[in-house]
Amino acid sequence: MAGLNGDPSVLRKLNSAAVLRVLHSALLSGTATGSGTPTQPGSMTLTEITKAVNVSRPTVEDVVESLLEQGLLNDLEPTGGTGRAAGRPARRFGFRADAGHVVGVDVAPDWVHVLTADLVGTIVASHHAPVSRRADGPERLEAVRRAVAQVLDDAGRGRRPVLGAAVATTGIVDAAGRVVLSNLPGWTGVDLSAELGDIVGAPIVVENDMRAGAAAERWIGAAMAADNVVYLHAGLRMGTGFLIDGRIPKGHHGGAGELTRAGGKQALKAYRRLLDHLPPADPEHGSGPDGPPRDVRPLFEAAARHEPAAESAAKDFARRFVKAVEGLIVSIDPEVVVVGGSLALAGDIVAEPIRNHLAKACVFPPRIEVSGLGDDSVAQGAIRIALDQVEAQLFLTGNGQSDRDARLGTLPAGADLEAIIDRVRESMT
């Protein structure tokens, strides 16, 4: 292989990463590659792995045995069948999705929602904890710590290691993971990665909540496989997120894509007009100016039932909201705009005015889709972000490095396959 300069340690890491990539992809596809033989979904024989990785069979045998020992692969029992000549069926191997966990955290003004998942994104445990939006920084941080600890206990942290985590929070987050600006009391300046490191015990990525929502929609939601996405969210919180070429842009301060002050004021005014259509605040039950926010979900649900007043209010809000954010949408040139949060409950009642407005405002009008992820969207996006970080280390494709670059033997900055292997091996002892 060119570019390796005879360094056996680099070659071994690349071969290990290549085998893991192939078997991980096979498991995600859910289809075994055996010909004419009933097999476990996603499993492959040594011959099939050798062909897919394009290295010698002895090399693949050595790598597979090493990865089995490290706990990253399964040695699956042959299931027999009619597709192989008489004799013992070929051994089959699969990626171990349960070799570790990732954690995704949604820090909203009114709750902390935590998910943990295996290495293909299957949710293992979840925990939702209400938090007052008047909570100060230390109180909110303690709620996050308790929720993370709870979900890790529920998932059986002692049995499988946490390999990565992501926290999605309200506010602007810089590249170092520090909240640089937030409207939550005492939240500006909080370093979530440092504050949660002792509980998680793995690298932590911190991201804006709306951008995590966009990542979730691209992964398992209404924008699946689209690379350029804008996410519009309105409910107990309101905001926008976006992806460009499948990635989350940051900007110098972490504020890429934030609305202008004028746009923000327009969006807030639209939201306040919407609240005018709700029943009056009830201070006795905590829904006054200092209490929990007034819930707009019933209004959007009523709009979906075509109740005239609610339908009119929902359409008016959708028109005003999209007008406030149209500059962002035009500048991103998205393939799809996803309507999320409680706003999605109204379905096409709100999607249609957004579609009509953008048909006139955009040179290339995007597709408009309604999210079906509900309240899990941001936490699911955090899971996807955490998986991206773990996969970059397992498969040596960090920092967006292409497979071609990996094959040429240049290890990406920050790639730490050995650290992951060590954590998995420790969990087996």
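Colleague: How are H2 and H3 oriented to each other, parallel or perpendicular?
Modeller: This is a predicted model, where local features need pLDDT of at least 70, side-chain atom pairs count only at pLDDT 80 or more, and totals for chains, interfaces and linings use all residues. Residues are numbered from 1 along each chain as its sequence is written, and side-chain values use heavy atoms, with hydrogens and water left out. The axes of helix H2 (residues 46-53) and helix H3 (residues 57-70) come within 9 Å and cross at roughly 110°; helices here are DSSP runs of H or I with at least four residues, strands are E runs of at least two, and both are numbered from the N terminus, while axes are lines fitted to C-alpha atoms, for helices over the stretch in contact, with angles from 0 to 180 degrees between N-to-C directions. Angles under 35 degrees count as roughly parallel, over 145 as roughly antiparallel, 65 to 115 as roughly perpendicular and the rest as oblique, so H2 and H3 are roughly perpendicular.

Colleague: Which classes of residue make up the contact of H2 with H3?
Modeller: Leu-46, Thr-47, Ile-49 and Thr-50 in H2 meet Arg-57, Val-60, Glu-61 and Val-64 in H3, contact meaning heavy atoms within 4.5 Å. Ala, Val, Leu, Ile, Met, Phe, Trp, Tyr, Cys and Pro count as nonpolar, Asp, Glu, Lys and Arg as charged, and the others, Gly among them, as polar. The contact of H2 with H3 therefore divides into four nonpolar, two polar and two charged residues.

Colleague: Which residues have the most contacts inside the largest nonpolar core?
Modeller: A nonpolar core is a set of buried Ala, Val, Leu, Ile, Met, Phe, Trp, Tyr and Cys residues joined through side-chain atoms within 4.5 Å; buried means under 20% relative accessible area, exposed over 50% and partly exposed in between, with a 1.4 Å probe and protein chains only. Val-19 touches Ile-49, Val-53, Val-63, Val-64, Leu-67 and Leu-73, leaving aside residues up to four places away in sequence. In the largest core, of 50 residues, those with the most contacts are Val-19, Ile-49 and Val-64.

Colleague: What is the orientation of H8 to H9?
Modeller: Leu-299, Phe-300, Ala-302 and Ala-303 in H8 meet Ala-310, Glu-311, Ala-313, Ala-314 and Phe-317 in H9. Helix H8 (residues 297-304) and helix H9 (residues 308-332) have axes 7 Å apart and pack at an angle of about 110°. That makes H8, relative to H9, roughly perpendicular.

Colleague: And what about H7 and H9, parallel or antiparallel?
Modeller: The axes of helix H7 (residues 261-275) and H9 come within 8 Å, crossing at roughly 175°. That makes H7, relative to H9, roughly antiparallel.

Colleague: Is Ile-220 buried or partly exposed?
Modeller: Ile-220 is found in helix H6 (residues 209-220). Ile-220 touches Leu-373 and Gln-380, not counting residues up to four places away in sequence. Its relative accessibility is 35%, so Ile-220 counts as partly exposed.

Colleague: What share of the protein's residues is buried?
Modeller: The secondary structure comes to 13 helices and 14 strands. Of the 429 residues in the protein, the buried share is 51%.
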